[in-house]
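Have the structure open and turn it as you read.

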Amino acid sequence: MSKVIVIGGGVAGMSAAHELVERGFQVEIFERNPSYVGGKARSVDAPGTNQLDPALFLPGEHGFRFFPGFYKHVTDTMKRIPVGPGKSAFDNLVSTENMMMTQAGAQPMVMPVNFPTSIEGVKEIFRSFQTVASELSDKEIEFFAGKIWQLMTSCKDRYTQEYDAISWWDFTESDRMSSAYQRLLSGGLTRSLVACKAQTGSTRTCGTILLQLLYLMMDPVAHDTDRVFNAPTNDAWLGPWLAHLQAHGVVYHRGVEVTALRTQGGKISGIQYQQDGRSASAGGADDWYVLATPIERAANLINEDMLKIDAGLKNIITLAPNVEWMNGIQFYLNRRLDLNRGHTMYTDSNWALTSVSQVQFWPDYDLSRRGNGTVVSILSVDISNWVAPGDFNNKAAIDCSKEEIREEVWKQLQAELNVGGVVQLTDDMLVGYYLDEDVRPSPTPVSNAVKAHMADADQAGFHQMINLEPLLVNQINTWAIRPEAVTGIANLFLASDYVRTHTDLATMEGANEAARRAVNGILAASHSDAPSCDIWELHTPLILRVLQEVDAFRFAKGEPWN
Ligand SMILES: Cc1cc2nc3c(=O)[nH]c(=O)nc-3n(C[C@H](O)[C@H](O)[C@H](O)COP(=O)(O)OP(=O)(O)OC[C@H]3O[C@@H](n4cnc5c(N)ncnc54)[C@H](O)[C@@H]3O)c2cc1C
């Protein structure tokens, strides 16, 4: 039986293992993290929160997860992960109902995320229009709508060649627009819905994903624009997934960091790894290898011998700096705080906060024996801008201590939740917090006084905090150098969120699609009779295809979109 060595046990690595083991391959996963599976998708036991029962912790996470309805790959895999009699992990997903955009000192805008099926839903839409209309000029609304229409009717080649070369910020001409336009439309929508930075993200990526979400919102049949799990991610998905993989023979090694790939005769001939402070090796030239680490770690594993066989792997090294920080902090509260039934975006917060109030989606999750027993709500917040000065402490998150981050985020939340005489978040509600442990004090910080004498470029490496797991952002002009899952090394395949996929966004969906492509590569190279993994294109409504064809003619003639 052919053996496959998978390096990295995140969503991509586990997805590859799942597809492979179903097709009769023997699979071993080598994962750096000693405690958790699933990579960045993991939830964790917040340390020290098992005061009442040593086995029961409050749940923390690297950052909250959402699974939009256009996901097909990762959700298809979930349908094959049993979580109880007749139930799969997919059944643990629940739809949210709305999205809230808060503002400092003003009423929030609450927008339904699904097609309305009740009079209340219709009213909610009109109320959200009212807030937007009072903030934005007619011209701005018209202009933005025109840009969306342009995206809806543009051909594929224009996306790949023209829109990949322009940032979402420039495409939406945000520089010349009002701050409300920047907060609510160009910057806001992408930050909350797409997790994509308007200033640096390509229009190809931001625009494509935004359209997928808009199509879902307008679809009277789909009610799954935005979904979350009905329990912490490990309980609802990753734990059962690991059990399922192991039951089918996958060997999952934890706490094993792969440090090198060896080559021989134009192929990968083995891996070297570190475990418990000792070095060891595994694999041979007859094995298959799936490199399922994130871009910045994959780049570290590309060596000169590999480049001699496939010079294209150099693109991984070129792309590696295109990562940014996005990490979660969870607040444990002693009073119920449901907010809206969905995600909340804090449009005035300099640190680009988004949140979800989780317990409202976790009907069967018992918090009473966790923490000190008083926690009834968990507000899970993602911090997406780590370099902008805080609204209150004027410091970048990257230069704050953990406690300073906690304090500043809390104040930014309060500034937008306690408005119009309604106070939703008070200091006495806070029982504790968990900041993602990937964000930790830097071993070489320097004081601001010293920094003042350093050139900007020199300052880059000297911050209070380091982040062990940043996230890829698809910046402009990078599609052309994004690698395919199949490499020029006959037994090496790539599976992670940076690989070229239809999804084209660093997400669990992109990671899963990449894994399927890697497995299909192994099936082809090994002349396997097993069926290939399904891969789906993103949805385009039929009616728009005609207009996209018209644009394809224009594009071929070198004409602009009209
Ligand atoms: C805060 C935050 C929120 C997010 N929210 C969403 C969301 O709502 N929806 C969504 O779809 N996506 C979301 N994402 C993105 C998504 O989490 C990632 O794109 C996806 O999980 C990537 O999976 P992966 O397997 O490719 O990489 P990873 O999750 O990074 O997994 C790679 C694994 O490889 C291991 N590894 C690394 N180097 C080595 C080595 N040398 N040897 C052995 N093992 C190694 C790592 O420990 C890790 O477990 C979010 C990301 C962040 C940061």
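## Starting in a loop

Let's begin with Asp504, which sits in the loop between S25 and H16. (Helices are DSSP runs of H or I with at least four residues, strands are runs of E with at least two, and both are numbered from the N terminus.) Asp504 isn't a glycine, yet its phi is positive, at about 55°. Is Asp504 buried or exposed? Asp504 counts as buried because it has 24 C-beta neighbours inside 10 Å. The cut-offs here: buried takes 20 or more other C-beta atoms within 10 Å of the residue's own, exposed takes 12 or fewer, partly exposed is in between, and C-beta atoms are placed from the backbone.

Before going further, note that this is a predicted model, where local features need pLDDT of at least 70, side-chain atom pairs count only at pLDDT 80 or more, and totals for chains, interfaces and linings use all residues. Residue numbers run from 1 along each chain as its sequence is written.

## Another positive phi

Asp276 is also a non-glycine residue with a positive phi, near 50°. You'll find Asp276 in the loop between strand S13 (267-275) and strand S14 (278-282). With 8 C-beta neighbours inside 10 Å, Asp276 counts as exposed.

Now over to Val6, which belongs to strand S1. Val6 is buried because 30 C-beta neighbours lie inside 10 Å. Setting aside neighbours within four places in sequence, Val6 is in contact with Gly13, Ala16, Ala17, Val27, Glu28, Ile29, Val290 and Ala292.

In soluble globular proteins, nonpolar side chains tend to be buried together. In this model the largest nonpolar core has 132 residues, and Val6, Ile7, Ala16, Val290, Ala495 and Ala518 have the most contacts inside it. H16 gives the largest share of this core, 7 residues. (A nonpolar core is a set of buried Ala, Val, Leu, Ile, Met, Phe, Trp, Tyr and Cys residues joined through C-beta atoms within 7 Å.)

## Strand S15 and its partners

Strand S15 (residues 288-291) pairs in the parallel sense with strand S1 (residues 3-7), over 4 bridges. Pairing requires at least two DSSP bridges between the strands. Ile5 has Tyr289 as its bridge partner in S15. S15 is also parallel to strand S25 (residues 492-494), with 3 bridges, and there Val290 has Phe493 as its bridge partner.

In a regular strand the side chains alternate between the two faces of the sheet. In S15, Trp288 and Val290 point one way, Tyr289 and Leu291 the other, and all are buried.

Strand S18 (residues 343-346) pairs in the parallel sense with strand S8 (residues 98-103) over 3 bridges, and Thr102 stands opposite Tyr346. With strand S19 (residues 353-357), S18 pairs in the antiparallel sense, again over 3 bridges, and Thr344 faces Ser355. The S18 and S19 hairpin has 6 residues between the strands, and Ala352 takes a positive phi near 55° there.

His343 and Met345 point one way from S18, Thr344 and Tyr346 point the other way, and all are buried.

## Around Tyr163

Tyr163 lies in the loop between helix H5 (156-162) and helix H6 (168-171). Tyr163 has 25 C-beta neighbours inside 10 Å, so it counts as buried. Leaving out neighbours within four places in sequence, its contacts are Arg158, Phe171, Ser202, Thr203, Arg204 and Gly207. Tyr163 and Gly207 are 44 residues apart in sequence and 8.6 Å apart in space, C-alpha to C-alpha.

## The ligand shell

Which residues come nearest to the ligand? Out of 38 around it, they are Gly8, Gly10, Gly39, Gly63 and Thr507. (A residue is near if its C-beta atom, placed from the backbone, lies within 6 Å.) Helix H1 (11-22), strand S12 (256-264), strand S17 (327-333) and helix H16 (508-525) each give two or more residues to this shell.

By class, the shell has 15 nonpolar, 13 polar and 10 charged residues. Here Ala, Val, Leu, Ile, Met, Phe, Trp, Tyr, Cys and Pro count as nonpolar, Asp, Glu, Lys and Arg as charged, and the others, Gly among them, as polar. Domain 1 (3-41 + 74-92 + 232-322 + 475-525) and domain 3 (326-469) each supply at least three shell residues, with domain bounds taken from an automatic or database assignment.

Notes. Contact = placed C-beta atoms within 7 Å.
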